[in-house]
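Come along and look things up with me.

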Amino acid sequence: MQDNLPELRDIHLPAEDISVFPLAYGWWVLAAAVIILVLVIRLLRLLWRKSRRRYALRLLDNARRPELSSAVKMSEILRRICVYKYPAAAALFGKDWLDFLNNRAKSKISGRAAQLLLDAPYIGADSKVYGREEIDALYLFCRDWIGENL
């Protein structure tokens, strides 16, 4: 048998520690996928939130008429939003209802437009108590309130 020992060499350790960087391509792909997933989720949530707002504003625009019945529909739209977003507020009425709406709005409703919001469900369709100015003021308040709260 021949002696193989002269051909063996000593084991040499590396001079410095092996670094984990640069990362392999798979890790970069995984990191990019996570970032893209987070961005897509945020975009979908934004679109979902805006679509509710657009839907409510479309309902409000369809309800806008010079008749008193439009004030009833505007009141119903505000109630529907409160049932969805503020469930405890859906049972409010009168001054408490106005205070709740004003507390969550930058532009407050007051005067005859506020009274129209309270009285509209109980007034007959042929009543001439409220005019177009109050209906328009109520419409603008509802539009601003929906924009701020949805």
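I began with helix H1, which has 39 residues and reaches 57 Å from its first C-alpha to its last, close to the 57 Å expected at 1.5 Å a residue. The expected span is 1.5 Å times one less than the number of residues. I noted that this is a predicted model, where local features need pLDDT of at least 70, side-chain atom pairs count only at pLDDT 80 or more, and totals for chains, interfaces and linings use all residues. Residues are numbered from 1 along each chain as its sequence is written, and side-chain values use heavy atoms, with hydrogens and water left out.

Which residues of H1 are buried? I found Ala56, Leu57, Leu60 and Ala63; buried means under 20% relative accessible area (1.4 Å probe, protein chains only). The buried residues of H1 pack against H2 and H5.

Next I looked up H1 (residues 25-63) with H5 (residues 132-149): they pack at about 170°, with axes 10 Å apart. That makes H1 roughly antiparallel to H5, a term for angles over 145 degrees. On the H1 side I listed Arg53, Ala56, Leu57, Leu60 and Asp61, and on the H5 side Tyr139, Cys142, Arg143, Ile146 and Gly147. Contact means heavy atoms within 4.5 Å.

Last, I checked H2 (residues 69-85) and H3 (residues 94-103), whose axes come within 13 Å and cross at roughly 70°. That makes H2 roughly perpendicular to H3, the word for 65 to 115 degrees. Here Leu78, Arg79 and Cys82 in H2 meet Trp97, Phe100 and Leu101 in H3.

Terms used:
Axes are lines fitted to C-alpha atoms, for helices over the stretch in contact, and angles run from 0 to 180 degrees between N-to-C directions. Helices (H or I, at least four residues) and strands (E, at least two) are DSSP runs, numbered from the N terminus. Angles under 35 degrees count as roughly parallel, over 145 as roughly antiparallel, 65 to 115 as roughly perpendicular and the rest as oblique. Buried means under 20% relative accessible area, exposed over 50%, partly exposed in between (1.4 Å probe, protein chains only).
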